[in-house]
Amino acid sequence: MSIFQEAKKQFEQKNYDKAIGLFQQYQAYLEKEQNKQEHIINLNIATHWLGRCYLRKEKFDEAIKHFEKSEAYAQQIQDNKKRIDELRIAAHWLGNCYFRKEKFDEAIKHFEKSEAYAQQIQDNKKRIDKLCIAENWLGVCYFRKENFDEARKYFKKSEEYAKEINNIKRVIFSKRLIGHTFYKSYKNKNELGDKNKLEEYLKNKKEIIKISMGNISNESIIDILSILTIDPIELDESISHYTNSNVVNILLGINGKEKSKMRLNSSTYMNDISEGKVLYKHLDINTNSFEKKYEISSSSVAFFTCFSKRSNNLNQFRLYGKENNIEASGCCIVMKKLSKWVTELDPSKSFLNDNLEGSIQNSEVKELELPLYQVAYISDFGDKPIKLPSLGDDDNISQFRIEKLNEFFNKLKNEMKNEMKNEMKYKRELEYIRYLFKDISFIDEEEFRILKVEKITSKNVKFCEEYNALYLEYKDISQYIGEIILGTNFEKTPNKHKNETFAHKINKEYSGIKVSQSTLPINCPK
C-alpha cells in the first residue's frame, strides 16, 4: 500500500493526525520534483486532503491555507478540463471552511466561484450535478444570513437541476429546504403572522411525503402524515424518554453491562390495550369484519419507542421506568435538541416496502434512521375531535396545525363513508397512520414516537429472553443524551442504588451527560 493510500485509509478511519503525517510525507516526496506536471497534479491532491483533515479537526484557518495552496496548484494544471474541475473543488471546500466559520459572505464568494467553474464542465450530467450542489450551498449560506427569499431562489434552482438528472434524493432535500425558508420566514419577527407561509411550508412537506411514499393513493393519509411527521425545524428542543436504571446501564455500557442500541419494542403488548385501534373506532371501521383468523408467521408488527415533551414530570415518572413497582424510581433520559439526532423526514422508512410483501428481508440493517412522529389524541365530542399538544410557544402555529389535522381527519372520515366498498384498501393505507392516534385520556403524556413496521420473520427482529419479547435495534443514542434525571425514589428500591455512585459511573465514561436528582413530591411505599 502506498503512502497516499495509507493516508486515505487513516482519514476514513477518522485518525486525522496520522493521516496528516502521512499526507505530509507524500507531499514532501512530491515537492522534490515539483516542476513536473504529473507531480503538480498529485501535489494538488495531497494538499487538498490535508485541508480535508484540518477541516475535520475543525482547524478552519489551517484548512483554508491548504485549500488556497491546492487552488494555486490547480491553476498550474495545463489540461483545461482537469484545471477547471480542480479549481471548482478548491473553491467548494474554501466555501465550506468559511461557512463553518460563519463568515457567510466570504463563503458565498467561493461557492459562486465553484458555480462558475461548474458551468464550464462539458459533460452535461456532471455539470448539472455539480451545479445542483453549488446552488444548494449558496442557498444554505443565504438561509443562515436569514435572507430567506434569496435562499429560496437557490434551493429552487438546485431542485430543478436535481430533477434534470432524476436525483430524487436531492429533489426531496431541496424541497425540504424550500419549506424551511417559508417556515423561518413566518417565524421571523418582520413577517410574523403571514399564514400563507405556513401553507407553503405544509405544501412542500406534503410533496416530499407524496414522492417518498408513492404507493399511497389517498391524499388524506398524506395530509395527516404531513402534520404528524416532525421536522426538527418545528421542534428543535429536547424531548425525554422514561425508563429504568437497567436500560440506562445497557444504553451507556456501564455497571458491567454491554453497550447496546436503543430498542423499538413490539406494540402488541403495550400498556394501552387500544394501541393501534383507536383510529378504526373513530372512523367507524369494524375490525372484526376483516378476517376470521390471521397467520402470525406472515404478520407485520409495529415497533416503537416513546418520548415526551414533559421532562421531569411526576405522572411520567409514576407510570414508566418503575423498579420493583415503586413509582418514581426510574430515570428520565433527556435527549439533546432534535436536530442533533433526528435527520429523517421520509415516513416510508417506517414501513415495509411493498416489494418485500410475503418474503423475508435478507439483509440486516446496521443502524436505523427513522422519522419522529407526534401522537394525536381523539375525543368523542365536537366537530374537531382531534387534539394536538403544541410543539412550541407560538399559539398561531399550534392553532394552524390543529385546524389542519381536524380538516384532514374529517375529510378522511367522509371519504370512507362514501366508499365503504373499498374498506380493505383503506385498512391497508391506514396502517401508515393508525399508530399515531391515541385516546384523549392519554393527552397529558404529550407523546412522540420513533416507529418501524416489520415482519416478525425479518432478520432485523430480535428476541429478548429477559422480557420474552421481540424488538428492533434503533441506534446508539449515547452521544445524543444531554441529561439523565433520577427519580425521587431512585435510592429507595431493593436494588440499593446510590445517586452519587450512579452519576460518577456515567460521568467517568460520558463527561457531557449531566446527571440530576428529581425532587418531585411523591412518597415511597414502605
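Glu407 and Lys404 both belong to helix 16 (residues 395–418), where they stand three residues apart, about one turn of the helix. Their side chains meet in a salt bridge, with N to O at 3.7 Å; a salt bridge here is a side-chain nitrogen of Lys or Arg within 4 Å of a carboxyl oxygen of Asp or Glu. This is a predicted model, in which local features need pLDDT of at least 70 and side-chain atom pairs count only at pLDDT 80 or more, while totals for chains, interfaces and linings use all residues. Residues are numbered from 1 along each chain as its sequence is written, and side-chain values use heavy atoms, with hydrogens and water left out. Helices (H or I, at least four residues) and strands (E, at least two) are DSSP runs, numbered from the N terminus.

**Salt bridges**

- By the rule given above, the count comes to 37 salt bridges, and in general side chains of opposite charge can pair when their charged atoms come close.
- Lys163 is partly exposed, with a relative accessible area of 44%, while Glu159 is buried, with a relative accessible area of 6%.
- Lys206 forms a salt bridge with Asp223, and the closest N and O atoms are 3.4 Å apart. This pair links distant parts of the chain, since Lys206 is in helix 10 (residues 195–212) and Asp223 is in helix 11 (residues 219–228), 17 residues apart.
- Lys206 counts as partly exposed at 24% relative accessibility, whereas Asp223 is buried, with a relative accessible area of 6%.

**A network and one of its members**

- Which residues are linked in a network of salt bridges? They are Glu159, Glu160, Lys163, Lys175 and Glu207.
- Lys175, from this network, lies in helix 9 (residues 168–187) and counts as buried at 9% relative accessibility.
- Lys175 and Asn204 are 29 residues apart in sequence, and their C-alpha atoms are 6.0 Å apart in space.

**Helix 7 and its ends**

- Helix 7 (residues 124–144) has 21 residues and reaches 30 Å from its first C-alpha to its last, close to the 30 Å expected at 1.5 Å a residue; the expected span is 1.5 Å times one less than the number of residues.
- Asp123 caps the N-terminal end of helix 7, with a side-chain oxygen 3.4 Å from the backbone nitrogen of Lys125.
- Helix 7 is followed by Glu146, whose phi is positive, near 60°.

**Helices that pack together**

- The axes of helix 1 (residues 3–12) and helix 2 (residues 16–31) come within 8 Å and cross at roughly 160°; axes are lines fitted to C-alpha atoms, for helices over the stretch in contact, and angles run from 0 to 180 degrees between N-to-C directions.
- Helix 1 and helix 2 are therefore roughly antiparallel to each other, as angles over 145 degrees count as roughly antiparallel, those under 35 as roughly parallel, 65 to 115 as roughly perpendicular and the rest as oblique.
- Helix 1 and helix 3 (residues 37–56) pack at an angle of about 20°, with their axes 11 Å apart, and that makes helix 1 roughly parallel to helix 3.

**Positive phi in two loops**

- Asn312, in the loop between strand 4 (300–308) and helix 14 (314–319), has a phi near 50°, a positive value in a residue other than glycine.
- Asn324, in the loop between helix 14 and strand 5 (331–335), has a positive phi near 55° and is likewise a residue other than glycine.
- Asn312 counts as partly exposed at 27% relative accessibility, and Asn324 is partly exposed with a relative accessible area of 48%.

Definitions and conventions. A polar contact is a pair of N or O atoms within 3.5 Å; within protein, one must be able to donate a hydrogen and the other to accept it, and residues adjacent in sequence count only if both atoms are side-chain atoms. Buried means under 20% relative accessible area, exposed over 50%, partly exposed in between (1.4 Å probe, protein chains only).
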